[in-house]
Amino acid sequence: MTLTQYGIKYAVHIITSNFGNLVAKVCESLLRRRHLSLKQLIGFTELTPQQVKNSLLILIQHNCVQPFSFDQSEGPKVTQYIALFDNIIHRGRFAKFLAVVSQELDTDRELILKDLLENGRLTLKQIIEGAESSKSQGKDSVLESFLKLVNAHFVERCPAPEPVLEQATKQEGPAKKRGAKSAKMVEVPETIEQRVIAAAAPPEAIRFSIMIDSEADACGGKSDNMSVGEKRKHATLEFDAEFGSKDEVVLWRANFEEFIRCLRHKACVENVRARLDDEAAVVLRAMLKATRTAEKKVKTENSVPLSLNTIYEEVINSEAGRSLTVGRVRDLLSVLCDSSQERDVDEDESYSADLKKILELAQDDEVESIVLKRYGKDAYTMFRILSLAGRPIETDKISDMSQLSLVEKNETPKILYNLWKDDYLHMERLVVTGARQSQFLVWRVDKPIIWKHVLDEMFHTALNLSLRLACEEERFKEITDLPAHKLLGEMAKQWQLYRNVILVLQASLLKLDDALMLFHDF
Amino acid sequence: MAYRGRGRGGFGGGGGGFGYATQVPFELFPDIDLPNVKGILDPDKKINQGKSEEENLVNQSRKFQKIWKGSPFYLEQTTSKERQNTEVERYSDRLKPKTTIRRGALFDILELKAFPQELTGGSRAQQPGRKRVRWNPDSELQKLDLFEKLEQRQGNNDGKEKKEGEGEDEDEEEEEEEPEEDFSDDDYQKNQDFDDDDDDFNMEDDGDDEPLL
């Protein structure tokens, strides 16, 4: 997805608040110019070479920038740096990521993850040192916790320090529509950012594998080989060269992809709960929980197919689903799953939930609620008519369809004009040449364009909220600096006000971020 | 309809007459009444430690923010003495429980092998981590000042005498004596190549480039 104007501004603000204005200056240059070399960065930022180098080190350490180079037959290799927009935006979600781990696993694992989120990437030795110094945990229990995190795919090996990218013959653009034959092929990443991420990612065989013998110094010289997932294939020597051979240090980081997958599943479940009922939510949660590790990418349109028996077993294992019968589960599955899916004739039929449809309905609801709040009930009705129709409709027909008893017919164009002016509708003038020439307006909801506009507005709002938060922090600074025993009388009232202000602003930002994820990450 | 400056009303054609917009003082963030956000300030929805889920998320987000602000990862354009003073660990601090590993300066945390060589400077990777000093943005300017002084000194001694500061450390912060200015070699004193703009080389202006009226 292309970066929006306020998306970049919000990302820069996040980096400024986390790492200061020097690092943010470097990051902004990269976000605005896609990818740059060190020399170009020094030129654009007008900072000293050492300042730029330190800023890049910090951004790479925190997985916000990925170095790479193009495959060149002649001439020296020039390292390029690209900002990873999604990873920057994820920085505001770290609290949510910790909450996911405490729900999925338990609070002991939180400590290791917290250290990884704070420091970006760490060696196993550093992780153990950190856990031991902050809590009276033994080396074995830390290792066990770490293993569980890697097993659950919440922690992964860091990508290659500097992958080599094949020079693209044509400029990156939207992927061409594929025919029926080529539809089976794996879709080629379209943007340079996606290509870099794909090139840097360690192969699945070693992404979640822990080679204790290669990190013997961290674990007191243990030589046993603990592998998670698939075992590492020793035949491929290229892996060793790029991803931590014996003399190279293996670095670990939080796997944002897995956290976003969990939050996506949670959003689907909550939307089904709101749209249908608690029982449907229980069934969907059971389906997604059983197949989470089998999902290949985050934005899967349908969940991995499962048999009715497997789903039912998962459902009754959960506390909320013990009272459900097989018949009830089957009924709920027929509602949740796409009716057009082909099913096996035998009893062991497989079901796959249509996640794309669930999320699209949630997006529709979100935009409709914005229109309702901003433009009123009549505008909401018109917008909903156009959204459901999915085709251009003439002004008079909209008036007739909406059956607005309180609104006169001449009010309809004004309402539609307001929506069009703010980019919530697409308008076209049609000229009909007949006995006499006449022109009329047709309106439609162009979802991809409008959704992108809504996303940009959300980034804008998030930026404003963050700025207001920073402003309030500054305003109440003298109160927050006071020790607790001095907070008396008027000061105590001021402190309570400050606490409420921060809570409301920060919680609003977290809620807004849920909507942001719905449009950008899910 | 309130509008700025003179002129007719906008969309719809109405709103005639002339007038000026009343000047209102600009306020970036005006005071607002706080909404009682459900689940945050709602006393019924409490989960652990008497706090709601949102409240826990808010507190955790703020903790992260605090940690990064005080870490070596935080680089600002201007380095104040205050920020550097906060890095000093007091004797009393050793008893305080540490929530994270205290990883000193920036280069103590980073595993330099995992970065492109142009950022780590190649040889730096072999050095032991503890000896790496914290980066100071003013160091570049200090070096430039030092080189400038050395250049001046070299010019004055005509390259005969060896520079005093040559064997010393680059980052030395002691102020060196400014050499006394000697005007004996100056062109102004000698009056050589002095052009008072009234000699044979200045051609008389025949005025042919004047504009014709």
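**Entry 1: the A–B interface**

I began with the interface: chain A and chain B bury about 5,400 Å² between them, and carbon and sulfur atoms give 63% of that area. Buried area here is the accessible area (1.4 Å probe) that two parts lose on being put together, summed over both. L57(A), E118(A) and R468(A) supply 12% of the area that chain A buries against chain B, more than any other three residues.

Before going on I noted the ground rules. This is a predicted model, in which local features need pLDDT of at least 70 and side-chain atom pairs count only at pLDDT 80 or more, while totals for chains, interfaces and linings use all residues. Residues are numbered from 1 along each chain as its sequence is written, chains are lettered from A and ligands numbered from 1 in the order in which they are written, and side-chain values use heavy atoms, with hydrogens and water left out.

I then took the residue lists. The contact (heavy atoms within 4.5 Å) takes 69 residues from chain A and 51 residues from chain B.

How many salt bridges are there between chain A and chain B? I found one. The term covers a side-chain nitrogen of Lys or Arg within 4 Å of a carboxyl oxygen of Asp or Glu. R62(B) and E473(A) make a salt bridge through their side chains, at 2.4 Å from N to O.

I also checked polar contacts, and seven residue pairs link chain A and chain B this way, both residues at pLDDT 80 or more. A polar contact is a pair of N or O atoms within 3.5 Å; within protein, one must be able to donate a hydrogen and the other to accept it, and residues adjacent in sequence count only if both atoms are side-chain atoms. Helix α23 (residues 490–520) of chain A gives the largest share of the side of chain A that touches chain B, at twelve residues. Helices (H or I, at least four residues) and strands (E, at least two) are DSSP runs, numbered from the N terminus.

**Entry 2: salt bridges overall**

I searched the whole structure and got 22 salt bridges over all chains. One that I followed joins K96(A) to D514(A), with the closest N and O atoms 2.7 Å apart. This pair links distant parts of the chain: K96(A) lies in helix α6 (residues 94–104) of chain A and D514(A) in helix α23 of chain A, 418 residues apart.

**Entry 3: two sheets in chain A**

I traced an open sheet of three strands in the order β10-β12-β11 (chain A), paired antiparallel. Two strands pair if DSSP finds at least two bridges between them. β10 (393–394) and β11 (426–432) of chain A are at the edges with a single partner strand each, so one side of each has no neighbour in the sheet.

β11(A) is joined by seven bridges to strand β12 (residues 438–444) of chain A, running antiparallel. V432(A) is opposite S438(A) in β12(A). Which residue in β12(A) is the bridge partner of M427(A)? I found W443(A). β10(A) pairs with β12(A) over two bridges, again antiparallel, and I393(A) stands opposite W443(A).

I traced another open sheet, of three strands in the order β4-β7-β5 (chain A), with antiparallel pairing. β4 (121–123) and β5 (155–157) of chain A are its edge strands, each pairing on one side only. Three bridges hold the antiparallel pair of β4(A) and strand β7 (residues 251–254) of chain A. T123(A) stands opposite L251(A) in β7(A).

**Entry 4: confidence**

Chain A averages 79, and 81% of its residues score at least 70. Helix α12 (residues 237–242) of chain A is lowest at a mean of 40, and helix α5 (residues 85–90) of chain A is highest at 94. Residues 213–244 of chain A are below 50, yet this stretch has 71 contacts in the model beyond near neighbours in sequence.

Chain B has a mean of 60, and 27% of its residues reach 70 or more.

Notes: pLDDT is the predictor's confidence in each residue, from 0 to 100.
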